[in-house]
Amino acid sequence: MHADHAPPDPLDRALGALAEALAPVAGSDPAIVRESLAPPPKHGHADIALAAHRFAKQAGTTPPELAARLAAAARELDFVAEAEAAGPFCNITWAAGRLAADVIEAVRVSRTQGGLVAGSEGEGATVVLDFSSPNAARKLAFHHLRGTVVGASLARLWEARGWSVVRLNFLGDWGHNIGQLLHKLSEIPAGDADHIDPSRLQQLYVEVNEEEAADPDRIKAASGEWLRRFEEQDPVAVRRWQLIVDSTTEALDATYARLGIRFDEYRGESNYVKTAVGVAEELVEAAVARVDPESGAVYVPETDGLQAVVLVNSRGISTYEGRDCAAAVDRHLSFRFDRSVYLTDVGQGGRFAAVFAALDRAGFEWAQALVHLGFGQMRLGGRKAKTRQGTAVPLDDVLDEAVARAETEIATREMDLDDPAETARIVGIGAVVFSQVRMRRTSDFDFDLDSAVAFRGETGPRIQYTHARIMSILRRADVGVEAALSACDASRLTDPLERDVVLAVAAVPGATRKAVETDDPSHLADAAVGLADAWGAYQTAGARERPDLRVLATDADLRRSRLGLAAATACGIRDIFGVLGVECPDRM
RNA sequence: GCGCCUGUAGCUCAGUUGGAUAGAGCAGGGGACUUCUAAUCCUCAGGUCGGGGGUUCGAAUCCUCCCAGGCGCGCCA
């Protein structure tokens, strides 16, 4: 299943071997047994369980009897510590020392293979990912946050799994708003027109909208006229348009940089305004689209559950959907993708489904590789965070606020840091980023800066803190991560609290696979929380009521074992946060 | 009107495709700093899984009907 050079996954191997051993007893296929293995409810003590109900009839016995037989078979395995029937369930506990040794070794090996999140599903394949999708002349706003952060995370995840990823930003650089600005720029003296400061552009945008509110007819006419001039490649219009786009991307890139994000491609919507008409004609020739005899508009009629799509309006101008079609063609020609992904809010799913289906029926065989991934709607204090001109919350403001709060928090502690401001930046931004990837991709959720930046509970900063505490221990021991992993004798890690940490580390590869399968980085966030929970309980116990669990034990062998576990945990957190886009300071 | 989505603790969310006594975090109560970083940890309390009916050994999960929200539905982007 896994490519040779992907790091080993001991838990996966153990589950596979267990399924192989139990399948004959259950009278079923190993793959089916494997799928049925599930963690028991919280109150149980076992690590993994198999419900015997579904196999009993086939095995010609009752569920409790079969569970007993399964337990007997499981006990024979050297990596199983105990197995027992509890009514119709067979509960299995892994042999702690054995699993720990495999897990630490897997982490050690993974250091040279791209980390615990590495994999090879995407080897040799190219995926184009369209995400963020801002509009010209507007700042990146709060409502762009989710798609931007999740998209960047997916891009890193796919790269870790071998894909060649094209990060593509589809800029809204055409339409009424652009027309307004082309017109408004008439007010700028020619001498200033080499460059427009982003904040100035923003200001012009607000002003022209105010003017339009006061005198709609005049501004709409002027805007339409400028848009037409731009389409005809009028030199003045083209130059103004370029100023707008340059100023916009300058501002956008500054904000993206704060989030550690860069794009490989900016493709503006305006590139497709004309080519979309040609693509629409192709769809008409393929009998997928029609020309409305009355209006002259080109549209794809409603078909089996898919909404109708207008490609060209009655004035002969392409619509957004028409441009989507043209852009899809362009992406195929430019990148020869194996998969072309559009990450937008879930509400646009219907539209994309209709567009993709139209391209497919028109005979573009690559249209099968077009997929829409939706993310849940963001709410701000229970209200819809909508784009309303001028009133949208700039993302930079949110980031500034998060960093400011981290600064305040840092000021209250005694830890002396080389660069408190830099730490505050990492913690504040990390808190915001983590809040976005924590939820399942498709869940709507209510964003509240206070809870995102609370720095306690299931937050980025708490996980960063866990990592920093581990690094602090390694510093005291004067040992590096690699050395600690190599020197570890994991068979000494037998305390239940240590076992929990081992299991949390062991869960990382599986969580990554799940994230890939579901195109959802939140499963990685879960694994990171699991690491922080397990390590936090262990380290705090060692520091308080359980001095026998101190990592820096006097017994040299034990100390080496625990340092190895510490290093493995730090690696797990770092590997995951690397994909999620959260930095991990060594001190905080 | 048609279609899709959502409804789980006071709040924000999980729930591994039908399995055991439905889980976390926050907020609330009670504890642990001479100790490897208290941005931590331990503990308690908190639920008719929106409601009714159905399917079966077994339902938060599948079917159906209601109720309450949200989103989309041929010339906006």
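Colleague: In which sense do strands β2 and β3 run, given the six bridges that join them?
Modeller: In this predicted model, strand β2 covers residues 80–86 and is joined to β3 by six bridges. One pair in this arrangement is A85, which stands opposite C90 in β3. The sense in which β2 and β3 run is antiparallel.

Colleague: Which residue in the turn of the β2 and β3 hairpin has a positive phi?
Modeller: The hairpin formed by β2 and β3 leaves two residues between the strands. In that turn a phi of about 60° is found, and the residue that has it is G87.

Colleague: Which element supplies the largest share of the surface near RNA strand B?
Modeller: Several elements each supply at least two residues of this surface, including β3 (89–94), α12 (320–335), α14 (395–411) and α20 (522–543). Helix α17 (460–477) is also one of them. With seven residues, the largest share comes from α17.

Colleague: How many of the residues in the surface near RNA strand B are charged?
Modeller: Around RNA strand B there are 68 residues, of which V310, N313, S443, F445 and Y465 come nearest. On the RNA side, 62% of the atoms within 4 Å of the protein belong to sugar or phosphate, and the rest belong to bases. Sorted by class, the protein surface has 26 nonpolar and 17 polar residues, and the number of charged residues is 25.

Colleague: Which strands are the edges of the open sheet of five strands?
Modeller: The order of this sheet is β6-β5-β4-β10-β11, and the pairing is parallel. An edge strand pairs on one side only, which applies here to β6 (265–268) and β11 (370–375). From one strand to the next the twist averages 25°, and the edges of the sheet are β6 and β11.

Colleague: Which residue in β10 stands opposite D130?
Modeller: Strand β4 (residues 126–130) and strand β10 (residues 339–345) run parallel and are joined by four bridges. Helix α13 (residues 349–361) lies across β10 and β11, and runs at about 180° to β11. Within β10, the residue opposite D130 is Y342.

Colleague: What is the bridge partner of V298 in β9?
Modeller: The open sheet of three strands has the order β7-β8-β9 with antiparallel pairing, and its edge strands are β7 (290–291) and β9 (309–312). Strand β8 (residues 298–300) pairs with β9 over three bridges. In β9, the partner of V298 is V312.

Colleague: Which strand has the lowest mean pLDDT among the elements of chain A?
Modeller: For chain A the mean pLDDT is 92, and 96% of the residues reach 70 or more. Among the elements, β4 has the highest mean, 98, and the lowest, 55, belongs to a strand at residues 383–384. Over residues 386–390 the pLDDT is below 50, and this stretch has four contacts in the model beyond near neighbours in sequence.

How values were computed. Residues are numbered from 1 along each chain as its sequence is written. Chains are lettered from A and ligands numbered from 1 in the order in which they are written. This is a predicted model: local features need pLDDT of at least 70, side-chain atom pairs count only at pLDDT 80 or more; totals for chains, interfaces and linings use all residues. Side-chain values use heavy atoms; hydrogens and water are left out. A residue is near a molecule or strand if one of its heavy atoms lies within 4 Å of it. Ala, Val, Leu, Ile, Met, Phe, Trp, Tyr, Cys and Pro count as nonpolar, Asp, Glu, Lys and Arg as charged, and the others, Gly among them, as polar. Two strands pair if DSSP finds at least two bridges between them. Axes are lines fitted to C-alpha atoms, for helices over the stretch in contact, and angles run from 0 to 180 degrees between N-to-C directions. Contact means heavy atoms within 4.5 Å. pLDDT is the predictor's confidence in each residue, from 0 to 100.
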